[in-house]
Structure formats: C-alpha cells, structure tokens
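Subject: Structure handover and findings

Dear colleague,

Please find the structure below, followed by an account of what was found in it. I would be grateful if you would read the two side by side.

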Amino acid sequence: MSAPQPARPEPRPGVLAIDTYVPGKSGRPGGGKVYKLSSNETPLGPSPAALAALHEATAKLETYPDGRATALRTAIAKRYGLDPERIVCGAGSDELLSLLAYAYGGPGSEGIYSEHGFLVYRIAILASGAEAVVAPERDYTTDVDAILARVTERTRIVYVTNPSNPTGTYLPFDEIRRLHASLPPQVLLVIDGAYAEYVRANDYSAGLELALESENVVMTRTFSKIHGLAAVRIGWMVAPAHVVDAVNRIRGPFNVSGLAIAAGSAAIADEAHMAAAAAHNAEWLPKLTEGARALGLEVTPSVANFVLIHFPDEPGRSAADADAFLTERGLITRRVTAYGLPNALRVTVASAEANTAFLAALGDFVRGAHA
C-alpha cells in the first residue's frame with residue numbers, strides 16, 4: 001500500500017528548522033522619545049549627495065532599473081580600484097549571502113559558520129538544503145582551528161564575519177589567510193565585511209586582496225552601516241569571475257532598485273561623509289566601553305560600531321532586566337539571545353545625545369540593582 005499523500009503542499013526538509021530572523025526593536029509601548037541603539041545604524045545618516053541622487057531618481061519610478069547595476073558597480077570599482085566585472089550588487093548583503101549558499105550549497109552538503117555569527121548564515125545554509133554546522137568561538141571571537149576541525153568532504157561554504165556581529169571582535173588578516181590556506185579548494189570562503197569601514201586595527205583587512213587573488217574567496221560589504229542607506233537595501237561582493245557568473249545566473253534580474261543604484265553610487269564617492277562617520281565612532285566606541293566597564297560590567301572589546309555588554313545572570317540584574325529598564329527610558333537595545341548570548345545586550349554607537357543618555361540610564365540601572 002502506498003504511503004498517504006500530504007493534504008497540502010509541504011516545504012522540503014530543513015525549511016521548518018529555520019528560526020525566523022527577528023530584527024531589533026524600533027520603539028516602546030506608549031510612544032515618547034526613543035533612542036534606537038538596536039540596529040547598528042549610523043547616527044550621521046546618509047550622505048547629502050546620496051539623498052540628492054535618491055530624490056532625483058524618484059522622477060523615474062516607472063522605469064525598470066539597469067539589471068546589472070552598472071553605475072553602482074562602476075562607482076564601487078572606482079572607489080576601490082577594482083574591475084567592475086568582479087562585482088555583484090544585491091538587495092543588501094543578506095541577499096548575496098543567501099545567493100552564495102543557493103549556488104554552492106544544497107542537499108547533501110554542509111555550510112559552516114561561527115557560534116555567535118550573523119543569523120542569516122544559518123538561514124541561508126538551511127534554505128539551500130544544506131546542513132548547518134556551528135564552530136565554537138573562543139573569547140567571543142571566531143576560532144580558525146574550530147572551523148577547520150569541522151571541515152569534511154561535504155563542506156561547501158564557510159562564512160566568517162570580520163569584524164563579527166554581535167560581538168564586535170575580529171580576526172587579524174594573518175588568521176584569515178591561515179584559514180583560507182587550510183581549506184580544501186572546493187570550499188568557498190565568504191568573508192562578510194559589513195563593519196569593515198569602522199576598523200582601525202593595523203592588522204585588519206576586509207579580505208579584498210584575498211578575494212582578488214583566490215579562486216574560492218568572496219568578500220561581501222554593505223551600504224547599510226557607515227553609508228546610512230539601510231532603508232534602500234544595497235550590498236555588494238567581490239569574487240572570482242566564475243563565482244560572479246554563478247551568482248548572476250540565479251539572482252533576480254532587477255534585484256537592485258533604481259533608487260538604490262542612484263543613492264549608492266553617490267554615497268560611495270562621498271569619502272568625507274564616511275570619514276566623519278568613522279571619526280564619530282572612534283570617539284564614542286571607547287567612551288561606551290569604558291563607561292559600562294566603570295559600572296562593573298563586562299564589555300567585549302569591539303572594533304565595530306557597537307558594543308556587547310554582559311550582565312550577571314541574577315534576578316533584577318540580568319540582561320532582560322536591563323533591557324526592560326532601558327526601554328522604559330526610551331533606550332532601545334538589542335537582545336542577543338538568538339545568538340546564544342542570553343546574558344548580554346548589543347548597543348549601537350549612536351548620537352552623542354543618545355550615548356550620553358544611555359550611559360546615564362545604565363548607571364541608574366546598575367545602582368538601582370544593588371539597592
């Protein structure tokens with residue numbers, strides 16, 4: 001007797017194992033003034049040149065965008081001295097991270113990501129039909145040896161965020177090179193440099209050189225952070241020609257909107273705006289770190305535009321308690337329980353006003369917790 005047939009369409013195995021991505025909160029019940037420190041957005045906003053280009057592009061909303069995003073790829077190439085043919089643009093780097101999994105993963109294969117890595121990696125791997133393999137971290141930092149220990153003949157893709165989200169830690173470029181050198185040639189190494197523009201460490205590289213000189217390395221970047229264009233969704237990647245060809249075959253023909261092409265092309269050329277955003281971050285990142293530590297809280301050293309603050313796992317003093325307290329004050333932070341960090345909050349470097357308000361409220365919470 002044949003097996004009974006489903007009464008409705010069923011997703012293939014693995015899809016229902018995916019936990020839905022939940023973005024950071026944007027507000028609080030009851031309204032009132034809110035400082036959003038939950039999504040790593042730049043407090044400086046987008047470049048005025050990007051806003052002007054965006055406004056001009058609204059006069060052509062009836063027209064399909066250039067399916068190859070030629071102007072945007074050309075602008076990125078000019079900024080970094082690249083061949084535009086080695087660049088693919090997407091609706092945020094999230095789309096590109098997923099397209100890479102769809103192109104190189106699939107049933108019977110495995111994808112590896114780090115323990116506290118960006119949640120989209122797991123989603124992309126499982127959505128492709130592959131098995132998601134987690135490599136433990138060391139001191140909230142990607143562990144190259146742990147990744148290599150989990151590579152098998154089924155491994156097809158490895159995702160590394162550098163610097164990492166939500167921890168803010170990074171791997172020196174020597175470690176990235178060591179990882180790459182130890183991977184089999186058929187394994188694609190994807191280096192996600194979403195926060196690269198903020199890093200000031202001398203031993204750091206976003207991975208561009210490795211992507212240009214290797215046959216199995218991709219570097220992804222985003223316009224959502226330092227460029228302040230999160231709402232229009234722009235990501236880009238640099239890859240070997242054969243990887244570019246594969247991704248272009250499966251991406252949507254108009255995956256980057258005309259508005260995004262216009263705004264991104266202007267934003268990438270405004271180096272002064274990027275420098276101002278990086279300088280603001282360089283000023284406030286240590287202030288937030290030192291301010292939280294002065295209150296007796298552990299803070300993971302960060303090179304990005306956010307800090308990860310750890311709280312005691314005690315009633316009245318926990319991360320959940322702090323989040324609730326801060327939300328009442330109109331300060332919206334990011335719970336990172338889904339990242340395996342239930343006792344921490346991720347806090348974005350925001351405006352001077354917001355940062356000052358946050359530190360004051362955090363001090364009130366800590367002192368109140370000990371009352």
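Helices (H or I, at least four residues) and strands (E, at least two) are taken as DSSP runs, numbered from the N terminus.

The model is predicted: local features need pLDDT of at least 70, side-chain atom pairs count only at pLDDT 80 or more, and totals for chains, interfaces and linings use all residues. Residues are numbered from 1 along each chain as its sequence is written, and side-chain values use heavy atoms, with hydrogens and water left out.

Domains

The domain assignment, whose bounds come from an automatic or database source, divides the chain into domain 1 (31-45 + 272-369) and domain 2 (48-270). Their centres, taken over C-alpha atoms, are separated by 26 Å. Domain 1 and domain 2 each bring 28 residues to the contact between them, where contact means heavy atoms within 4.5 Å.

Among the buried residues of helix 10 are His 273, Met 274, Trp 284 and Leu 288; buried means under 20% relative accessible area, exposed over 50%, and partly exposed in between (1.4 Å probe, protein chains only).

Four strands form an open sheet in the order 9-10-13-12, with antiparallel pairing; two strands pair if DSSP finds at least two bridges between them. Strand 9 (298-300) and strand 12 (334-336) stand at the edges with a single partner strand each, so one side of each has no neighbour in the sheet. On average, neighbouring strands of this sheet are turned by 35 degrees against each other, direction ignored. Strand 12 is joined to strand 13 (residues 341-348) by three bridges, and Arg 334 has Arg 346 in strand 13 as its bridge partner.

Helix 10 lies across strand 9, strand 10 (306-310) and strand 13, at about 10 degrees to strand 10. Helix 11 (residues 319-328) lies across strand 12 and strand 13, at about 35 degrees to strand 13. Axes are lines fitted to C-alpha atoms, for helices over the stretch in contact, and angles run from 0 to 180 degrees between N-to-C directions.

Seven strands form an open sheet of mixed pairing in the order 2-8-7-6-5-3-4. Its edges are strand 2 (87-90) and strand 4 (131-135). Strand 2 pairs with strand 8 (residues 235-238) in the antiparallel sense over four bridges, and Gly 90 stands opposite Gly 235 in strand 8.

Cores

A nonpolar core is a set of buried Ala, Val, Leu, Ile, Met, Phe, Trp, Tyr and Cys residues joined through side-chain atoms within 4.5 Å. The largest has 46 residues, and Leu 72, Phe 223 and Trp 236 have the most contacts inside it. Helix 9 (residues 258-269) gives the most to this core, with five residues. Another core, of 30 residues, lies apart from it and includes Leu 97 and Val 190.

Leu 210 is located in helix 7 (residues 208-213) and counts as buried because its relative accessibility is 0%.

Yours sincerely
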